[in-house]
Amino acid sequence: MTNVAVQAGALDVGSQANRSALGRAVSAVTSRLVIIVPYLWLLVFFLIPFIIVFKISLSQTAIAMPPYTPVMGLGDGISGLFNQLRELGIDNYIWLTEDPLYFNAYVSSVVIAGISTFLALLVGFPIAYGMARAPATIRPTLLMLVILPFWTSFLIRVYAWIGILKPEGLLNQFLLATGVIDEPLVILNTHAAIFIGIVYSYLPFMILPLYSTLEKMDFSLIEAAQDLGCTPIGAFWKITFPLALPGVVAGCMLVFIPAVGEFVIPDLLGGSQTLMIGKTLWNEFFANRDWPVSSAVAVILLLLLVVPIMIFQSAQARAQEQGR
Amino acid sequence: MNASWSRFNITSIVLGFAFLYLPIVLLIIFSFNESKLVTVWGGFSTKWYGSLFNNRGLMDAAWVTIRVGLISATVATVLGTLAALTLTRYTRFRGRVLFSGMVFAPLVMPEVITGLSLLLLFVAIGLDRGFLTVILAHITFSMCFVAVVVQSRLMTFDRSLEEAAMDLGAPPVKTFFQITLPVIMPAIVSGWMLAFTLSIDDLVISSFASGPGATTLPMKIYSQVRLGVTPEINAACTLMIAVVAVGVIAASVVNKRREVQRQRDEQAAQRG
């Protein structure tokens, strides 16, 4: 294989010399375009919006449309810019620290997302492990079955749980009919419902990276360990888990990061009592129409997630290097 | 291998898939419920599907959703494929770290942040919120998913094919369209489908980016769900699931056929 590539490369040098100057110019332009078009798109619609969020988080709330006093326009020249710089304030951030609502929302978001991630790992690991040890012929089907729910709407899957979990819902009907319980369990509008919702919605994100690391694992290692007198549980902690660790990290990040900022699940399953930051941001924006404060909430949420996002990205980069 | 697939493994898979599928199955069953009470079975009926088609608001929203999905998925596929080519082919250019960061970050970014930031951009540049802004927002987050899907295919691509074509005198652009594109086409198709489903499912980002006259189906469903669970919504959800399921199954059948055909061609080539 490499031989062919080397030969092709050697021939390529010869043909490049023959290619006309015009052809080279065209290919240079197209390769630039390949980079520039998606680059510009992401700059304009992904990076610049964050800068705007940061800018507005420093501005004052105003009763107008848009409901904030703009900061930093270039209309008034340099002196105008300096005047505006003086008006920038961290009032919104001070407001966030003064009202315990926000602090509690951040803490409870991280706690809820952390517990849900752990539960998703507990549920997802046996499934991924079972899949990796399944006969090779049915593995693609199992993989397809894990991915398929991901194609159905997130909103629909969360909505389906309302009918199951509510006091007169299907779960309580079933448990009452079979005599397991005497009176309906209250699950909807509690933290338990949020845990169920997050584990359910994000389970494929946990299973897929776990499966892809476990599938590559050499299971004869476990047999060897057991032959040498290791207990099955000992073999799991000494061999399986360390080897699956990259998948565990990737899976946990893929569940934890979006779960911290989750809005739909706490809103529909958690009821009005639950405090999560995604919901707080939504209410601040749509109900209170306080754009600067909701921008400040978003900036702090982003700062909170920078470390997990960087862990995820370095894991991605490493996987990319290995794939090469 | 079969011996090692123990009872524990089989049990965990069966329970796991029951957990994943039971809620969706129950939702579909109760969309055929005669009774208006969503969780009490009152006999089989398709009347909620009838009332669904007479619900102007839901139908308009469905039409908006489909148009947004088709346009945004198509543009996102082009941009995402370009981004994937950039990530795999151009390993050294200024700002590459920033670029790969911008491709991977939206995959895990909480939707409320993406939605809020896009809305503030639209307000800042004075773009009226509506159909166009929803499309722009959907393109932005779904192109990153397309990029990841196409990139994973490009990484296993045999570059000597392209070099051979260029040695035979094909200019790079022609090489791309005649060699590279057909080979990575299955990944591009699944990227498009992923972008389309992400678009028709999205609630949070649409709610921020949309304005009057551009209510999407998830936004409509969400506003009704808040008022309570109704069999009509179950019916709407079932139809959405059916559309996606048919699409996914059709795509996998097409993929499988193509794979079988390719293997046959390869075998024939080796024999000949």
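Helices here are DSSP runs of H or I with at least four residues, strands are runs of E with at least two, and both are numbered from the N terminus. The axes are lines fitted to C-alpha atoms, for helices over the stretch in contact, and angles run from 0 to 180 degrees between N-to-C directions. Angles under 35 degrees count as roughly parallel, over 145 as roughly antiparallel, 65 to 115 as roughly perpendicular and the rest as oblique.

Before going on, please note that this is a predicted model, in which local features need pLDDT of at least 70 and side-chain atom pairs count only at pLDDT 80 or more, while totals for chains, interfaces and linings use all residues. Residues are numbered from 1 along each chain as its sequence is written, and chains are lettered from A and ligands numbered from 1 in the order in which they are written.

Back to the pair in chain A. On the α10(A) side the contact is made by A:L221, A:I222, A:A225 and A:Q226, and on the α11(A) side by A:P232, A:A235, A:K238, A:I239 and A:T240. Two residues are in contact if their C-beta atoms, placed from the backbone, lie within 7 Å. Sorted by class, this contact has six nonpolar, two polar and one charged residues. Ala, Val, Leu, Ile, Met, Phe, Trp, Tyr, Cys and Pro count as nonpolar, Asp, Glu, Lys and Arg as charged, and the others, Gly among them, as polar.

Another pair in chain A is formed by helix α5 (residues 100-132) and α9(A), which pack at an angle of about 40° with their axes 6 Å apart. Here too the angle makes the helices oblique, α5(A) to α9(A). Their crossing is right-handed, and the contact holds 23 nonpolar residues, three polar and one charged.

Now look at some loops of chain A. A:N189 sits in the loop between α8 (170-177) and α9 (191-215). Its phi is near 65°, a positive value in a residue other than glycine. A:N189 has 18 other C-beta atoms within 10 Å and is therefore partly exposed. A residue is buried if 20 or more other C-beta atoms lie within 10 Å of its own, exposed if 12 or fewer, and partly exposed in between, with C-beta atoms placed from the backbone. A:R289, in the loop between α13 (277-286) and α14 (291-323), also has a positive phi, near 55°. A:R289 counts as partly exposed because it has 14 C-beta neighbours inside 10 Å. In the loop between α5 and α6 (139-151) you will find A:T137, which is exposed, with 8 other C-beta atoms within 10 Å. From A:T137 to A:G89 is 62 Å in space, C-alpha to C-alpha, for 48 residues in sequence.

Let us move to chain B. Its secondary structure comes to eleven helices and zero strands, and its C-alpha trace spans about 70 × 65 × 35 Å along its principal axes. Of its 272 residues, 43% count as buried. Among contacts in chain B between residues at least 6 apart in sequence, 77% join residues at least 24 apart.

Inside chain B, helix α4 (residues 96-108) and helix α6 (residues 131-155) have axes that come within 8 Å and cross at roughly 110°. The two are therefore roughly perpendicular to each other. B:V103, B:P106 and B:L107 of α4(B) meet B:F141, B:C144, B:F145, B:A147 and B:V148 of α6(B). By class these are eight nonpolar, no polar and no charged residues.

How do the chains meet? 70 residues of chain B are in contact with 82 residues of chain A. Helix α1 (residues 7-30) gives the most to chain B's side, with twelve residues. That side has 53 nonpolar, 13 polar and four charged residues.

Finally, an unreviewed UniProt entry places the feature "domain: ABC transmembrane type-1" at residues 62-252 of chain B; UniProt positions follow the numbering used here, feature names are shortened, and annotations may be inferred rather than shown by experiment. This span is 82% helix and 0% strand, and its end C-alpha atoms lie 25 Å apart.

Technical notes. Left-handed = near helix turned anticlockwise from the far one by under 90°.
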